[in-house]
Structure formats: C-alpha cells, structure tokens
Amino acid sequence: MMRILVVGAGASGLAAAISAARNGASVTILEKMSRPGLRLLASGGGHCNLANTASPKTLPSLFQGDGATKFCRHALGRLPSSELIRFFASIGVRICSPDGFHLYPESRRATDVLNALLLETRRLGVKICLSTEVKSLIFTDSRQIAGVAISDGHEIDAEKIIIACGGKSYPSLGGGESALALAKSAGHASAPFLPALSEIHVSENPFRTISGVSLENASLSLICGGSTRRFHGELLFTHKGLSGKCALDASGAISREIHAKGRSEFFLSFVSDMNAEAWNSKITEWRSSDGSKRTCKMLSGILTASLSRLVCEKSNVPETMLLSQMGRDDSKRISMTLSGMRLESTDLPPIGKSMLSCGGISLEEVFSETLESRLRKNLYFAGEALDIDGPCGGYNLHWAFASGLLAGTAASSDGQPGEYGHLRPTEPIQRP
Ligand SMILES: Cc1cc2nc3c(=O)[nH]c(=O)nc-3n(C[C@H](O)[C@H](O)[C@H](O)COP(=O)(O)OP(=O)(O)OC[C@H]3O[C@@H](n4cnc5c(N)ncnc54)[C@H](O)[C@@H]3O)c2cc1C
C-alpha cells in the first residue's frame, strides 16, 4: 500500500487525503494545530461559502498569481462546481445557492462541512496527527523524498508527500510560512506571502472623515504589467482607507505592486459603470433641468451628502455653486474625480488580519496536470500554499478543494492525473 503524508488538515489537505485514500493509499495527515480545519470553520463568517456557479470558462481567469489562470485550469476543469456538488453529496453534504451564485452547505454551517470531511477521512482509515508540526523534509542521498521531521524531533517516512499547509494569514487559524520553507528545501522558488482579501491602506487617506460610509457599486482600477485590472462591487470607506468586496478583491494586486515598487497607484470610480463622459453628460443635463440647485445637493441624489462634499472639494468646485453657474472646466473636473479619483498606497496592511495570502510556491516548477513538483518526484502541492489567489465569493475554497482532490488522486496514481470517481482520465504526463 502506498504511504502518503499530507502536511496540513485544512480544506486542501483533507480533500487530498480523501482522494488518495479512496484510491487505496495509506494516508496520514500531520497538522500543527490542536484542531483540524480551523480556517475552514471561520470561512464565510462560519457559513462556508465553498464555491460559486461562475462558468468553468471564465473561472480560471479570475485567479491572480504569476501564470495562475493557465495553471489552475486543470484542477478547476476537473472539479467544476457541478462536480464539487457531487463530491460533497458523496460525503453527505447537500449544497444550496440562496442567491443563485454563491454555494453554501444547505445547513449554512461550516462545522457540518468540516465534520463530513473528517467523517470521510475516518471511514477511509486516514490517520490525523494533531499538534504535529512538520519542521523539514527528509531526502535520500540521491535527493529523493523520504519523509519529514516533526516538532518532537521524530522522523516519519513516506513514499509521497503533499504540502497543503496554506498561507500566512491568521496565525491563530494555522497561518505561517511553512509551505515556502518546505518547498525551498526541495529547491522550489516562491513569491513572498503578502496580504490579500484585506483592507487597503490609502496614503493621506482622504476618507478618514467619512469612515463608515459605503458605495453600492464602485470600482478600483490599477495598471499592472501594461494592462488595466478593474475590480468592482461594494466599497466601504474606513479610517485607514478602503474595505468592502471591491477593495478586498483589489488588495492582492495592490500588495504585489507595493512589494515590487514600494507604492501602488490606483483609481476610484464612485459608480462602477459611469466613465467621465457619462458623468459630464449627466451634469450637462442637470445644468439645464436643475440649474437653480447647488452642485453638492444634486450629487447627494447619487452619493451621500458627505461624499458629495468630498468630491466637490477634491474637484476644486465650491459645494454651494449653483449648477447654472458651473463652467465646462468645473464639470470636467467633477466628472474626472467621480470616474477616476487618483489614490496611492505605500503601506501593506497586517497580513495576520487579511483573509488570504497572495504569493506562494512558484507555479512554474509544478505540473499543473498533477500538482507534482517538476523538481522532485513524489512531492505534491495543493491549496493556498501555491501562488494562486482568487477574489471573494467562494473561489479560494473551490481552489483548495479542487487542487487537494487532484494532488491526492495523482499522488496515489503514481504521478498520473488519475481518476476521481466520476471524472475522466486525462493524457499521461511527459516528464522532462
Ligand atoms: C476569516 C476567513 C474567512 C474566509 N472565508 C472564505 C469563504 O467564505 N470562501 C472562500 O472561498 N474562502 C474563504 N477564506 C479563504 C479560505 O479559507 C482559504 O483559502 C482556504 O482555507 C485555504 O485552504 P488550505 O487548505 O490551502 O489552507 P488552510 O485551510 O490554512 O490549511 C492549512 C493547514 O496546514 C496547517 N499547517 C501549516 N503549517 C504546518 C506545518 N508546518 N505542519 C503541519 N501543519 C501545518 C495549518 O495549521 C492549517 O490547518 C476565508 C479565510 C479566512 C481567514
């Protein structure tokens, strides 16, 4: 029987263990915390938004990380949301979608998801060793994978090892840098873990006085690597800058820019689908229909009063100016502020409090078809440990389950993609 060690009992590690054990392997999970699946329990505010119904075609393009879109196609292609629902049905968890997009367990309880995963590992005879931190990988003289050294000094041998020890955020839920250190010892490159799905700290924060105010559908745009990335959704102004879905989704890209260049410049559009031209024609309309109204009062119909005052101030237009008195240049400046207020961030928020880490083990040195290391046979990776991060909305757990199932199946199928129950086999992998 093939002996497989899984490092980490989070979403990806449990999925990997289940698929490997279903394939007949003898599986042991090593988990450093005293309880498994702590991050899974905290997910979705305890409700566990474990995936969504985004089309399998667009799904990969929503992930960030160097080469992420191409890389995650295999794992997500083998576990689209319909198959993920079948996987959960196979362990007794029924999935619902209250809004037709986000997927949750029918009970809306993350504990039910974790308990079902644990019950299945028990049924399959998977051993879970808690309070057991993997300190290092052990290699044979010919640098083949041989096992791991754990916190109490003991060594455990294994034929295959799956590194599923997550990212750096929330140390209280198991976050740390083990994945990068273990991968490095096997010769793997990585990008540092940085905060993602976090608040954005805005330099000289102009929103300090309106902290708590929100916009229903704003957008943030930033230019990365020659192309413009646009994130939209609800936006919340905070004491330090920006939060809400729109900011959380943009935060990983902004962290990467700050890390690379020391600063990130980005643009806020107060209403996502209105550009400067659309605002300019709206103001022209107002000037003829409501010329006796004050600019700030008119804007308050769309934004809040406090935001309208801020927009006037940033556009250098007196808030009391009557619309009939407004000149073309005033209108242009207001339109520019509303559609693309320039903001800058130089300060990374604390990673400990971010929901996710971006960065991780470089994808170039991992086979996307099996998640096996290209450098070291019998070493596999899954989940947040890899340099892949998705937006809010179930994408990251979907990736954790999809990559875990793939790594577990491939590890127990001798480095071939293997079959997981209902899924088709794919082409054999050609090793270099
Ligand atoms: C508050 C919060 C809410 C979230 N909500 C959602 C949501 O609703 N939907 C969504 O898609 N995503 C959500 N996420 C993100 C999602 O939880 C993660 O992307 C996902 O859990 C990652 O799974 P993983 O298995 O890769 O890592 P983890 O779940 O972090 O598991 C890694 C495990 O490895 C263990 N470990 C680490 N190092 C070692 C070591 N050296 N030896 C042994 N064990 C080790 C850790 O203790 C941990 O248990 C949320 C995250 C947080 C923090």
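This report covers the domains, sheets, helix packing and nonpolar core of the structure above.

This is a predicted model: local features need pLDDT of at least 70, side-chain atom pairs count only at pLDDT 80 or more, and totals for chains, interfaces and linings use all residues. Residues are numbered from 1 along each chain, as its sequence is written.

**Domains**

Domain bounds here come from an automatic or database domain assignment. That assignment gives domain 1 (3-195 + 356-411) and domain 2 (199-348). Their C-alpha centres lie 38 Å apart. Eight residues from domain 1 and 10 residues from domain 2 make the contact. Two residues are in contact if their C-beta atoms, placed from the backbone, lie within 7 Å. On the domain 1 side, strand S11 (residues 190-196) gives the most, with three residues.

S11 also pairs with strand S18, antiparallel, through five bridges. Within this pair, Pro195 has Ser357 in S18 as its bridge partner. Six of the six residues of S18 (residues 356-361) are buried, so the strand is largely enclosed by the rest of the structure. A residue is buried if 20 or more other C-beta atoms lie within 10 Å of its own, exposed if 12 or fewer, and partly exposed in between; C-beta atoms are placed from the backbone.

**Sheets**

Helices (H or I, at least four residues) and strands (E, at least two) are DSSP runs, numbered from the N terminus. Two strands pair if DSSP finds at least two bridges between them.

An open sheet of six strands has the order S12-S15-S14-S13-S16-S17, with antiparallel pairing. Strands S12 (200-201) and S17 (341-345) stand at the edges with a single partner strand each, so one side of each has no neighbour in the sheet.

Another open sheet has three strands, in the order S7-S8-S9, and its pairing is antiparallel. Its edges are S7 (134-139) and S9 (155-157), each with a single partner strand, so one side of each is left without a neighbour in the sheet. Neighbouring strands here are turned by 25° against each other on average, direction ignored. Angles run from 0 to 180 degrees between N-to-C directions, and axes are lines fitted to C-alpha atoms, for helices over the stretch in contact. Val148 has Ile156 in S9 as its bridge partner.

| Strand pair | Bridges |
|---|---|
| S13 (residues 214-224) and S14 (residues 227-237) | nine bridges |
| S8 (residues 145-150) and S9 | three bridges |
| S11 and S18 | five bridges |

**Helices**

The axes of helix H1 (residues 11-22) and helix H5 (residues 110-123) come within 10 Å and cross at roughly 35°. Leu14, Ala17 and Ile18 in H1 meet Leu117, Glu120 and Thr121 in H5.

Helix H3 (residues 68-78) has several buried residues, including Phe71, Cys72 and Leu76. The buried residues of H3 pack against H12.

**Nonpolar core**

A nonpolar core is a set of buried Ala, Val, Leu, Ile, Met, Phe, Trp, Tyr and Cys residues joined through C-beta atoms within 7 Å. The largest one has 118 residues, and Ile162 and Ile163 touch the most other members. Helix H12 (residues 395-411) supplies the largest share, 11 residues. Both domain 1 and domain 2 give residues to this core, so it lies between them.
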